[in-house]
Amino acid sequence: MPVKLKTTNNRLQNRQPSSHGFFADVYDVVRQIPRGRVTTYGAIAVFLGTALSARMVGWAMNASHEAFTEVPAHRVVNRNGMLTGKHHFKTPSLMEELLLAEDIVIIEEIVQNFKEKFWDPSVEIGM
DNA sequence: AGCCTGACTTTGT
DNA sequence: GACAAAGCCAGGC
């Protein structure tokens with residue numbers, strides 16, 4: 001694991017808190033995931049400074065369809081590279097199809113070459 | 001205000 | 001190494 005942020009209740013100071021708090025913060029990060037890469041709920045949580053609440057990231061994804069700008073939620077998987085959120089898409093196969101269109105191969109609901117495809121916001125975006 | 005629920009993760013058995 | 005348990009905390013009711 002890369003940079004471990006100092007965990008406090010506070011979010012990073014140098015980030016612009018979006019107008020609508022936690023959800024929007026999550027969306028901002030997710031939108032920056034490059035095509036063909038994936039990241040994890042936990043990594044996003046760490047980046048936002050709420051390292052202990054990865055579940056909230058998933059919760060935010062659940063509401064991401066209401067975001068004004070499109071959120072590539074299919075690029076977010078769990079720490080094992082598993083497509084745990086696939087059942088929350090329109091169809092169970094949609095998430096896999098979207099990823100496959102970006103040259104990310106899924107076998108048995110697991111992202112292949114996950115380590116190479118992994119995109120860590122704490123590293124790529126920095127702080 | 002209080003209880004329940006997670007698209008998670010870590011830790012202990 | 002598989003399985004269970006428990007933190008986490010914003011929303012919904």
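Author: On a 1 Å grid over the protein atoms alone, a pocket is an open set of points where a 1.4 Å probe fits, with protein on both sides within 12 Å along at least five of seven lines, and a lining residue has an atom within 4 Å of a point. The model is predicted, so local features need pLDDT of at least 70 and side-chain atom pairs pLDDT 80 or more, while totals for chains, interfaces and linings use all residues. Residues are numbered from 1 along each chain as its sequence is written, chains are lettered from A in the order in which they are written, and side-chain values use heavy atoms, without hydrogens or water.

The largest pocket has 21 lining residues, and Met61, Ser64, Ala73, His88 and Phe89 lie nearest its centre. Two or more lining residues come from each of α3 (54-62) and α4 (94-100), helices being DSSP runs of H or I with at least four residues, numbered from the N terminus. The most, 4 residues, come from α3. The space in this pocket is about 680 Å³, a volume being what is filled by probe spheres set on the grid points, which are joined across faces, edges and corners.

α3 also gives the largest share of the surface near DNA strand C, 3 residues; near means that a heavy atom of the residue lies within 4 Å of the strand. Around DNA strand C are Phe23, Leu52, Ser53, Arg55, Met56 and Trp59. In the side chain of Arg55, an N or O atom is 2.9 Å from a base oxygen of DNA strand C, whereas a polar side-chain atom of Trp59 is 3.3 Å from a sugar or linking oxygen of DNA strand C.

Note on methods:
A polar contact is a pair of N or O atoms within 3.5 Å; within protein, one must be able to donate a hydrogen and the other to accept it, and residues adjacent in sequence count only if both atoms are side-chain atoms.
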